[in-house]
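Morning, everyone. Please have a look at the model on the screen, and then we'll walk through a few places in it.

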Amino acid sequence: MAGYLVSDERKVTTHRFIEMKQKGEKISMLTSYDYTTAGIVDRAGIDGILIGDSASNVMVGNSTTLPMTVDQMIYHARAVTNAVKRALVVCDMPFGSYQTGRHDGVTNAIRIMKESGCDALKLEGGVEILDTVKAILDAGIPVMAHLGLTPQSINKFGTYAVRAKEEAEAAKLLSDAKALAEAGCFAVTLEKVPAKLAEQVTAEIGVPTIGIGAGNHCDGQILVVADMLGMTQGFSPRFLRRYADLNQVMTDAIGQYVTDVKSGDFPNEKESY
């Protein structure tokens with residue numbers, strides 16, 4: 001059964017992402033990290049699912065994404081790919097798995113693809129990692145680029161503030177996006193950059209831009225699923241729209257369960273053998 005506003009139930013591919021940009025059709029993406037959630041997200045009609053290294057924050061409770069390992073990303077990605085039928089599944093390459101050079105980048109990329117079953121990988125960075133990106137592409141692995149706020153570089157930036165507000169950094173981001181697109185990346189994620197800059201990048205490269213805190217002119221949008229469903233608390237950036245308050249729904253349901261168990265109401269006769 002197709003999801004909301006979805007009439008085409010074919011498997012979404014990297015080629016379809018580019019077609020969607022060409023047709024002016026917006027691309028919807030969310031993160032997922034487990035089988036149950038990914039199945040729900042996929043059936044709802046999402047175009048792409050990212051197994052983000054944000055699992056470090058959402059699933060483990062770390063303050064940054066840096067601790068995630070290749071093994072952990074494969075574990076989460078395998079769970080997601082087991083559930084997904086339609087969406088394009090993209091997996092983040094974690095910190096340290098490609099920054100050391102081409103050989104390590106290609107070796108880890110091949111391992112993630114083979115052991116997770118995902119459709120593509122995402123790497124953070126610009127021309128500094130271009131040689132590694134090209135080598136991964138040469139190995140036959142689709143790559144989504146990631147520019148702007150790159151959380152794996154948080155210790156370098158020292159802040160999660162908006163990036164590329166100054167002219168020099170904006171010019172570099174545009175140049176990086178063009179170089180990555182020309183190298184063969186099928187899409188570019190733009191995180192926390194000025195909307196006008198994101199609009200310019202979107203207009204000047206031939207592959208889709210996927211925004212998170214980058215305005216409405218990107219070819220698509222992505223959010224962390226636990227954030228947009230209201231499961232997380234205390235995180236309210238400007239770009240986040242909460243579509244539900246599952247934190248309250250879950251708290252109420254679990255509280256009722258506790259009450260029913262303690263009162264002896266659960267299980268009742270019909271719920272017993």
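Is Phe-266 buried, partly exposed or exposed? Phe-266 is partly exposed, because its relative accessible area is 36%; buried means under 20%, exposed over 50%, and partly exposed in between, with a 1.4 Å probe and protein chains only.

A word on ground rules. This is a predicted model, where local features need pLDDT of at least 70, side-chain atom pairs count only at pLDDT 80 or more, and totals for chains, interfaces and linings use all residues. Residues are numbered from 1 along each chain as its sequence is written, and side-chain values use heavy atoms, leaving out hydrogens and water.

Back to Phe-266. It lies in the segment after helix H11 (246-263); helices are DSSP runs of H or I, at least four residues, strands are E runs of at least two, and both are numbered from the N terminus. Leaving aside neighbours within four places in sequence, Phe-266 is in contact (heavy atoms within 4.5 Å) with Tyr-257, Asp-260, Val-261 and Glu-271.

Next, Asp-47. It sits in the loop between helix H2 (35-43) and strand E2 (48-51). Asp-47 counts as buried because its relative accessibility is 6%. Its side chain reaches the backbone nitrogen of Ser-28 at 2.9 Å.

Last, helix H5, residues 102-116. Its buried residues are Gly-105, Val-106, Asn-108, Ala-109, Ile-112, Met-113 and Ser-116. What covers them includes helix H4 (70-83) and strand E3 (88-92). After H5 comes Gly-117, with a positive phi near 80°.

Methods. A polar contact is a pair of N or O atoms within 3.5 Å; within protein, one must be able to donate a hydrogen and the other to accept it, and residues adjacent in sequence count only if both atoms are side-chain atoms.
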